[in-house]
Amino acid sequence: MDSAIQKNHPETNPSVLVVMGVSGCGKSSVGQALACSLGWTLHEGDTYHAEESIRKMQAGIPLTDEDRSGWLDTLTHLLDSAIATPGTGVVLTCSALKRKYRDRLRDAGPSGTVGFVFLDLGYDTALQRVQGRSGHFFSPELVANQFATLERPEGEGAVLCVDATLPLTEIVQRTQSWLGRPHALTT
């Protein structure tokens with residue numbers, strides 16, 4: 001994995017950032033830190049999963065495109081509502097593993113409105129992190145499926161690729177630089 005940053009600057013200044021990647025990459029921690037530093041609203045994508053989908057993941061059963069369809073509709077509507085409200089910004093945590101999922105989220109607004117921060121992480125580290133967390137519904141048995149499903153967002157517009165093993169403050173600073181915003185202290 002390359003710790004270098006992908007400098008694929010957004011065409012416009014996104015009012016939505018989707019923090020994406022496999023389970024265990026740090027979406028929640030990074031999303032919370034970014035929302036705080038930018039003064040934006042945070043939405044945890046996992047809280048919008050249907051109960052049936054949560055039960056499947058708890059049982060170690062991978063979700064299908066059909067399982068994710070309603071979830072992606074809900075997230076896209078959420079982003080659409082945020083984009084329609086001038087002066088607001090949103091950080092959404094969402095695995096967004098396939099390009100077609102990211103494209104659905106991009107459909108929430110005009111080109112460049114939705115940007116992505118891809119937290120790049122290797123399999124062994126992801127598995128170790130997922131096995132070490134408590135109180136989350138995601139089964140460690142699904143980590144391999146996440147990597148099999150992942151379509152890396154290389155070459156897509158408005159995507160920042162960053163090494164998920166970097167310190168949280170550095171990930172936030174790199175994102176702020178990518179957005180062309182001054183660095184603020186994060187806690």
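The side chains of Glu156 and Arg106 are joined by a polar contact of 2.7 Å, where a polar contact is a pair of N or O atoms within 3.5 Å, one able to donate a hydrogen and the other to accept it, and residues adjacent in sequence count only if both atoms are side-chain atoms. This is a predicted model, in which local features need pLDDT of at least 70 and side-chain atom pairs count only at pLDDT 80 or more, while totals for chains, interfaces and linings use all residues. Residues are numbered from 1 along each chain as its sequence is written, and side-chain values use heavy atoms, with hydrogens and water left out.

Glu156 sits in the loop between helix 6 (143–149) and strand 5 (159–163), with helices (H or I, at least four residues) and strands (E, at least two) taken as DSSP runs numbered from the N terminus. Glu156 is buried, with a relative accessible area of 2%, where buried means under 20%, exposed over 50% and partly exposed in between, for a 1.4 Å probe and protein chains only. Between Glu156 and Asp103 there are 9.8 Å in space, C-alpha to C-alpha, although the two are 53 residues apart in sequence.

Turning to the whole chain, seven helices and five strands are present, and along the sequence they follow the pattern β-α-β-α-α-β-α-β-α-α-β-α. Of the 187 residues, 50% count as buried. Among contacts (heavy atoms within 4.5 Å) between residues at least 6 apart in sequence, 77% join residues at least 24 apart.
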